[in-house]
Amino acid sequence: MNKKLKTIIIAATLLAAGTGAQAQGTEDTLTVARAAFVTDSTDYVPVPQGELLTSKIRLLVRTYGDRVYLRWVPEDYVSWMFLTIGGVNVLRSKPGSIDVDTLAYALKPLSQAEFQAKYGTDDDQANIAMGVLYGEGRIGHGQTEDPPGTMGASVEVNNEQDISFGFAMLVAEWRPDLAQDMAVGLIDRTARQGETYEYIVQPTVWDTKGKIIFEPGVRSNLVNRPFRRIPYDPQLEDTLTSPRRFVLSWEDKYHSSYEVERRYVGPFGQSAGSPAAPTPWQRVNEKPYVPMLETDFEGLCLYSDSVTHDGIWEYRVLAHDAFGELTDPSPVHRVYARDIEPPAVPQIKQFAIIREDLDQPMKRVEAAVVWTNPEVPSEDCTGYMLFYHNNQLTGDQWQPVSEGLIAPTDTVAVIDVTGLQTGEIAIRAYDDSGNEAISLPQMIRVRDYKAPDAPDSLKATVLDDGYVILTWQAPRDADVAGYDVAFANDSTHTFLRLNAGQIAETGYVDSLALDANQKYVYYKVRAIDWSTNVGQWSPALQVERPHATPPSQPHLDTSAHTDEDGMYMRWVVGRDADMKYHILWRRVGEQGEWEELQRWSADSLAALGAWAVDVRDNPRHNRQERYYYRVESFNASPYTTQSLAVSWLHQGPKYFDIPLTLSGDYIGSEGKVRLVWDVGRLPAALQEQPYYFCIFRRTAGKKSFEYLGNVPQDVHEFTERRLLKGETAEYYVMIRFSDGRESQASNTIAVQRPE
C-alpha cells in the first residue's frame with residue numbers, strides 16, 4: 001500500500017469528527033489534558049511550551065446510552081509499535097471534577113499465543129492483525145531487493161510497514177473485537193446514560209529520549225445518549241465501459257470500505273412498482289470493497305460490476321464506519337444495461353437500374369440492390385436500411401432510400417431512386433439494442449430525366465431606394481442545383497432572365513429605376529437540377545415599382561374655434577393614384593412633440609368619393625400654450641408632403657365658482673390672527689391642475705384689499721401677527737391655478753384684536 005492509500009485509510013477510519021462515524025465532542029488543548037489526566041504517569045517528561053508535536057493519537061467516541069465505544073489510532077506504524085510495547089492509559093472524568101477514572105492502564109494487544117488461541121488459523125482478519133503485530137509474513141533483514149542499509153531498502157521496508165499498518169486499521173474498523181484485542185479500541189460499559197464525560201487516551205510510557213513526542217487523544221463534553229444514525233447520502237454516478245458492464249463512482253472522504261448491492265428492476269420501460277419487479281437486493285462484493293486506486297480526487301471510489309442481461313438495474317452502497325457498523329444504504333442509483341456491440345457488417349455485391357418506360361425516362365426509376373449476409377450473422381440483428389449520399393444533393397448527410405426496416409433474412413431490396421443522380425449507396429445493419437454497423441459505400445450511377453417542380457411562395461419586398469428583394473420556397477425535389485429569375489414590365493411582355501449564372505440561394509435582389517413611367521414590374525422564377533433539367537416557371541408576381549415623386553400637398557379649407565366646442569377643421573387631400581394614407585398631427589406649444597391624432601386610408605377615401613376630411617378636436621383647456629394642427633400625406637415614394645400648420649389658443653373660462661368657506665379669529669394667547677377654510681369639489685377640468693391659495697386683507701380706512709400671502713394647495717390655514725391692538729381687519733381667500741385661472745373669492749370675515 002502506498003502513501004496515498006495509507007492516508008485515505010487513516011483519514012477514512014478515524015480523522016473526521018461529525019461525519020458518517022458520528023464522532024462527538026471537541027478536543028481540548030494538550031496543556032489542559034495533561035494537567036487533568038497525566039499526573040499518575042511517572043514517566044512523563046514535559047515538552048517545552050510551543051514545541052511542535054510529531055505524533056498524535058487520533059480519538060473518536062460514540063455513545064450508545066448504555067455504553068460508550070472509544071476508537072483510536074496513532075499517527076503511523078512506528079508510533080503504534082511504540083504504544084504496543086508500553087501500552088496506553090484510557091482515562092475518564094466529568095467536566096469540572098478532579099476525580100479521574102482509569103478505564104484501562106497499560107492497555108496492550110493480546111500476545112501472539114492469545115491471538116492464536118482465541119481466533120485460530122481460519123480467521124483471515126485476525127491473522128492480518130497478528131501478522132502486523134508480531135512480524136509474521138513481513139520483510140525481514142536481508143530480504144529487501146536493495147542491499148540492507150541502503151535508501152532503497154529503507155523505503156521498501158517503510159512501504160511494507162505502511163501497507164501492513166493500513167490493513168490492520170481496516171480490520172480494526174470492521175471488527176470491534178479485533179480493535180480491542182489490538183489495543184486500539186475500548187468499550188466503556190460503566191458510563192451512565194445522560195451523563196457528561198471527558199475521555200483521554202495517552203501513552204503509559206512516554207518517550208524520554210524525545211524521538212517520538214505524543215499528543216494524547218482527547219474528547220470532552222460527551223453526553224451519553226443513544227446513538228442516532230446519520231443518513232448516508234453519497235452521489236452515485238455510472239459509466240458504461242463494455243456491454244452490460246458499469247463502473248460506479250462516488251466521493252467519500254470519511255469512510256474507507258464499503259458494501260455494494262444491486263437488484264434487477266425489469267426490462268426497459270418497466271418501473272420498480274411493476275408486479276414482476278424488482279428482485280431482492282444482492283451483495284455483489286464478497287469482501288468489503290476498499291478503494292485502492294490512486295486518483296486526482298481525494299475520496300473518489302470506483303467500483304466495476306457486470307450484469308447478466310439487458311434491462312434496468314439498481315445499485316446502492318453501504319459504508320463501514322470506524323466503530324464496526326454499517327451505515328444505512330445510500331439512495332438508489334438506477335442504470336440501464338444494454339448491448340453496445342454493433343451487429344456484423346453486410347456487404348453490397350451488385351445493383352441494377354430499372355425504368356418503367358424507356359420512352360418516358362422521367363417516370364419512376366428504381367434500383368435493385370443485392371447484398372450478402374455476414375458469414376457469422378448477429379443473433380440480435382433486427383434488419384437493414386439502405387442509404388444514399390451525394391455532396392450536391394445531401395451535403396454531409398446520408399439519406400435513407402429504403403421504405404422502413406428490411407428483414408434480417410433478406411438479401412435483395414428494390415428502392416426508388418427517381419430524381420437522384422450518380423452517388424454512393426451503403427447498407428446499415430441494426431440490432432435490438434439500437435447499435436448499427438454500416439457497409440463500405442459503393443458507387444451507383446443514375447441518369448435523371450425529371451425536371452424539378454416550380455418554386456412556391458414567390459414574394460417581394462420593395463425598398464424606397466429602388467431595390468426589390470425577392471424570396472421563394474424551394475421545390476420538394478432533392479436535386480435542385482440553382483434557379484433563374486426573369487422580369488417584364490407588363491404581364492403580356494416577354495420575360496427576360498436577370499441572372500447571368502445560376503442562383504444558388506432561394507433569394508435575389510433586383511434594382512429598379514425610380515424615374516420609369518411604369519407602375520408595376522413582374523417577376524417569376526424556375527429551378528434547374530444537377531442533371532441540367534430545367535423546371536417550369538412559377539406564376540408571375542406583380543410588384544409596384546417605387547418612384548421619387550412626392551404626393552400632392554394637403555391644405556386647410558375651413559376652420560373654426562370656440563372655447564366650448566373646440567376646433568373644427570376641413571382638410572382637402574390629394575387624389576393621387578398611388579396615395580397610401582393621410583395622418584393628422586397635433587402639437588402643444590412651440591417646443592412640444594407632434595402626436596398622431598387620426599389616420600385615413602387613401603383607398604377608403606377613394607371608395608367613398610371623398611376629397612376632403614373633417615376633423616373635430618376639443619382638447620383640455622390650456623391658457624398658456626397654443627394647439628397646432630397639420631396633415632401629412634404618404635404615397636409609394638420615399639417622400640411625404642405636409643400642410644401648413646394652423647393653431648388656436650384654447651383658453652376656456654378664467655374664473656370658476658368653487659365653494660370656499662372662510663372662518664377665523666384672533667388667538668390672544670399666541671398674539672396672532674388664525675384663518676381656516678374649507679374647499680368644495682373642484683370641476684373635473686381642474687382636478688389635476690396644480691393650484692395654491694391666496695389670502696387678501698383690508699384694514700379700516702383702506703378702500704381695497706391687499707395681497708397678504710399664499711399657501712400650497714394641501715394647506716388650509718394661515719396666520720399673521722401684524723394686526724394692532726383694537727384694530728379690525730377683513731379677510732377673504734381664493735384659489736389660483738398654475739395656468740392663471742382662478743376661483744371666485746370666499747366669504748369675507750372681520751377679525752378684531754382686543755385692546
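## A walk through the fold

Take the contacts in this protein whose partners have a separation of 6 or more: 66% of them join residues 24 or more positions apart. Keep in mind as we go that this is a predicted model. The chain runs to 755 residues, and 44% of those count as buried. By secondary structure, the protein has nine helices and 48 strands.

Let's start on the inside. In soluble globular proteins, nonpolar side chains tend to be buried together. Here, the largest nonpolar core has 30 residues, and the members that touch the most others are Trp80, Phe115, Met169, Leu178, Met182 and Val184. Which elements build it? Two or more residues each come from β3 (68–73), α3 (77–86), α4 (112–119), α5 (124–134), α6 (151–174) and α7 (176–181). Of these, α6 gives the largest share, with seven residues.

Set aside its neighbours within four places in sequence, and you'll find it in contact with Pro74, Val132, Leu133, Phe165, Ala168, Met169, Met182 and Val184.

Two packed helices are described by the angle between their axes and the distance between the axes. For α4 and α5, the angle is about 175 degrees and the axes sit 10 Å apart. Roughly antiparallel is the label for angles over 145 degrees, so α4 is roughly antiparallel to α5. On the α4 side, the residues making the contact are Gln112, Phe115, Gln116 and Tyr119, and on the α5 side they are Ala126, Ala129, Met130, Leu133 and Tyr134. Sort the α4–α5 contact by class and you get seven nonpolar residues, two polar ones and no charged ones.

Follow the chain on from there and you come to glutamine 143, in the loop between α5 and α6. Is glutamine 143 buried or exposed? Its relative accessible area is 52%, and the cut-off for exposed is over 50%, so glutamine 143 counts as exposed. Its C-alpha atom lies 9.6 Å from that of valine 157, a residue 14 places away along the chain.

For a contrasting spot, jump to tyrosine 629, in strand β37 (residues 627–635). Tyrosine 629 counts as buried because its relative accessibility is 0%. Between the C-alpha atoms of tyrosine 629 and serine 647 there are 6.3 Å, while the two residues are 18 apart along the chain.

Finally, a couple of backbone details to look up in the strands. Alanine 106 isn't a glycine, yet its phi is positive, near 50 degrees. You'll find alanine 106 in strand β5 (residues 101–107), and with a relative accessible area of 26% it is partly exposed. Asparagine 221 is another non-glycine residue with a positive phi, about 55 degrees in this case. Asparagine 221 belongs to strand β9 (residues 217–223). How exposed is asparagine 221? Its relative accessible area is 47%, so it is classed as partly exposed.

Conventions:
Residues numbered from 1 in each chain as written. Predicted model: local features only at pLDDT ≥ 70, side-chain atom pairs only at ≥ 80, totals over all residues. Heavy atoms only, no water. Core = buried A, V, L, I, M, F, W, Y, C linked by side-chain atoms within 4.5 Å. Buried < 20%, exposed > 50% of the residue type's maximum accessible area, 1.4 Å probe, protein only. Helix = DSSP H or I, 4+ residues; strand = E, 2+ residues; numbered from the N terminus. Contact = heavy atoms within 4.5 Å. Axes fitted to C-alpha atoms, helices over the stretch in contact; angles between N-to-C directions. Parallel < 35°, antiparallel > 145°, perpendicular 65-115°, else oblique. Nonpolar A, V, L, I, M, F, W, Y, C, P; charged D, E, K, R; others polar.
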